[in-house]
Amino acid sequence: TMAKKFVNKNGWWGILLHASWPTVLATVITGMVFQLAESGEAGLSAFTAGVVVWMLSAVSVLLIAAIWKNHRHLAIPMAMGAFVAKIVVLGLLLTAVPSPDWLHTTGAAIGALVAIIVWQAAEVLVFINTRRLIYS
């Protein structure tokens, strides 16, 4: 038998949920791998960086969800703006906030990268299965 095709029926809230859980799971796993393979600091660094990426990504989707209700025509420009803002905020955090002594730079970089890739992939997959619903 064929598996039932997933369709997100909760709009932006569904996108938030279905992009969040794989990102949080990947962040926890990446932190654990670094903890076991390298050190406690590396594990904490990978986990912290992943959580920061997840929080910034979640805020951008929450913003779009809030705007979608009354100003649908602004959703796509807001999504693009939120993505650029997320990258800018990450850059500012990396340059303006002094690194704590325990920060393991490789762990943090890979933790952030894993979170970004998983979030983007999950968001695109959920969006594909949401779009038909929103626009039809």
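Q: Is Phe127 buried, partly exposed or exposed, and how do I read that?
A: Start from the relative accessible area: under 20% a residue is called buried, over 50% exposed, and in between partly exposed. In this predicted model, Phe127 has a relative accessible area of 25%, so Phe127 is partly exposed.

Q: How many aromatic pairs does a search of the whole structure find?
A: The general idea comes in two parts: a pair of aromatic rings is described by the distance of the centres and the angle of the planes. Here the search of the whole structure finds one aromatic pair. The ring centres of Trp12 and Phe127 are 5.8 Å apart and the planes stand at 40 degrees, so this pair is tilted.

Q: Which parts of the chain does the pair link?
A: The pair links distant parts of the chain. Trp12 belongs to helix H1 (residues 11-37) and Phe127 to helix H4 (residues 105-135), and 115 residues separate them.

Q: What is the pattern of the chain, read along the sequence?
A: Reading along the sequence gives α-α-α-α. The chain has four helices and zero strands. For the overall dimensions, the C-alpha trace spans about 50 × 45 × 15 Å along its principal axes. Of the 136 residues in the chain, 35% are buried.

Q: Which residues of H3 are buried, and where do they fall when seen down the axis?
A: Ala75, Ala82, Lys86 and Leu90 are buried in H3. Seen down the axis, the buried residues of H3 fall within an arc of 75 degrees, so they line one face of the helix. The face turned away from this buried side carries exposed residues, namely Met80, Leu92, Thr95 and Ala96.

Q: Which residues make the nonpolar surface patch?
A: Val24, Val28, Met32, Leu44, Phe47 and Trp102 make a nonpolar surface patch of about 490 Å². The elements giving two or more residues to this patch are H1 and helix H2 (40-70). H1 gives the most, with three residues. Met32, one of the patch residues, lies in helix H1.

Q: What are the two numbers for Trp13 and Ala66?
A: Trp13 and Ala66 are 53 residues apart in sequence and 9.9 Å apart in space, C-alpha to C-alpha.

Q: And what are they for Ala26 and Phe47?
A: Ala26 and Phe47 are 21 residues apart along the chain, with 9.3 Å between their C-alpha atoms. Ala26 is in helix H1, and its 14% relative accessibility makes it count as buried.

Note on methods. Residues numbered from 1 in each chain as written. Predicted model: local features only at pLDDT ≥ 70, side-chain atom pairs only at ≥ 80, totals over all residues. Heavy atoms only, no water. Buried < 20%, exposed > 50% of the residue type's maximum accessible area, 1.4 Å probe, protein only. Arc of directions from axis to C-beta. Phe/Tyr/Trp six-rings, centres within 6.5 Å; stacked < 30°, edge-to-face > 60°. Patch = residues over 30% accessible without salt bridge, like charges linked within 9 Å, V, L, I, M, F, W, Y side chains within 5 Å. Areas by Shrake-Rupley, 256 points an atom, 1.4 Å probe, with all protein chains shown as cover. Salt bridge = Lys/Arg side-chain N within 4 Å of Asp/Glu carboxyl O.
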